[in-house]
Amino acid sequence: MAFPIIGDFNERDFDEEIFPPYRKLARDIDISEYRSIRSKFERLRGLVREIYHQLNILEHYTSYNGRYEEYTTATYNILTKIYNLSEEADELIGDIIIEAKEAPHNKIETFEWYLKRAQYEIFETIMGDAITLRDYVKEGHVTTIEFLTELDRFVRGARKSLREVEKMIDEALQRM
């Protein structure tokens, strides 16, 4: 058995095998076996798009507009809406997993892994960040540069994550 030479190791390939991109779902699973949950995937896509829409609105609040009460109320409400939509998506993924387990499919573990990864890494992270930012709003830290920087990072990071999930959903729906 030959051992790899240090320079032969490709970290990117290794990472993609351990944590493949979300859009590789159809590569690893015969997604056509899961046609019964198509409507739930369509609903999940709608939730992702609504969260994305709220992020677009929130982007306007990544710089302080000088009207404290209006700014804090709007920011707080948008973050609450993002939290609620993410929670609904999180619960919907749980429902999809339960429904998929009831059907006799050969790769339920892999399918479940992809969904749980989206659930834990994306939606629950968005929920946690939204709550934290909302708490900063409650505490009156909205005019600080740290808050505005974190809000901007949240918007950009959540968008990037949601794009990956949306690609996975689109790929799944295309093959169902």
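Reader: Why is Y52 called partly exposed?
Author: Y52 has a relative accessible area of 25%. Buried means under 20%, exposed means over 50%, and partly exposed is what lies in between (1.4 Å probe, protein chains only). The value of 25% falls in that middle range, so Y52 is partly exposed. Before we go on, this is a predicted model: local features need pLDDT of at least 70, side-chain atom pairs count only at pLDDT 80 or more, and totals for chains, interfaces and linings use all residues. Residues are numbered from 1 along each chain as its sequence is written, and side-chain values use heavy atoms, with hydrogens and water left out.

Reader: Where is Y52, and which residues does Y52 touch, not counting residues up to four places away in sequence?
Author: Y52 sits in helix 3. Helices (H or I, at least four residues) and strands (E, at least two) are DSSP runs, numbered from the N terminus. Setting aside residues up to four places away in sequence, Y52 touches R159, L162 and R163, where contact means heavy atoms within 4.5 Å. Y52 and L162 are 110 residues apart in sequence, yet 7.3 Å apart in space, C-alpha to C-alpha.

Reader: What makes I169 count as buried?
Author: I169 has 0% relative accessibility, which is under the limit for buried, so I169 counts as buried. This residue lies in helix 6. Leaving aside neighbours within four places in sequence, I169 is in contact with F41, L44, R45 and V48. From I169 to V48 there are 121 residues in sequence and 9.6 Å in space, C-alpha to C-alpha.

Reader: And I37: buried or exposed?
Author: I37 has a relative accessible area of 1%, so I37 is buried. You will find I37 in the loop between helix 2 (25-28) and helix 3. Not counting residues up to four places away in sequence, I37 touches I96, E99, A100, F111 and M176. I37 and M176 are 139 residues apart in sequence and 9.0 Å apart in space, C-alpha to C-alpha.

Reader: How many helices and strands are there in the chain?
Author: The chain has 6 helices and 0 strands, which gives the pattern α-α-α-α-α-α along the sequence. Of its 176 residues, 40% are buried.

Reader: Why is helix 5 called roughly antiparallel to helix 6?
Author: The axes of helix 5 (residues 108-138) and helix 6 (residues 145-175) come within 11 Å and cross at roughly 160°. Axes are lines fitted to C-alpha atoms, for helices over the stretch in contact, and angles run from 0 to 180 degrees between N-to-C directions. Angles under 35 degrees count as roughly parallel, over 145 as roughly antiparallel, 65 to 115 as roughly perpendicular and the rest as oblique. The angle of roughly 160° is over 145, so helix 5 is roughly antiparallel to helix 6. By class, their contact has 17 nonpolar, 1 polar and 2 charged residues. Here Ala, Val, Leu, Ile, Met, Phe, Trp, Tyr, Cys and Pro count as nonpolar, Asp, Glu, Lys and Arg as charged, and the others, Gly among them, as polar.

Reader: What makes helix 3 roughly parallel to helix 5?
Author: The axes of helix 3 and helix 5 come within 14 Å and cross at roughly 20°. That angle is under 35 degrees, so helix 3 is roughly parallel to helix 5. F41, L44, V48 and I51 of helix 3 and F111, L115 and F123 of helix 5 make the contact. By class, this contact has 7 nonpolar, no polar and no charged residues.

Reader: What is the largest nonpolar core made of?
Author: A nonpolar core is a set of buried Ala, Val, Leu, Ile, Met, Phe, Trp, Tyr and Cys residues joined through side-chain atoms within 4.5 Å. The largest one has 51 residues, and those with the most contacts inside it are Y34, F41, L58, F111, F123 and F154. Helix 3 (38-59), helix 4 (68-102), helix 5 and helix 6 each give two or more residues to this core, and helix 4 gives the most, with 13 residues. In soluble globular proteins, nonpolar side chains tend to be buried together.
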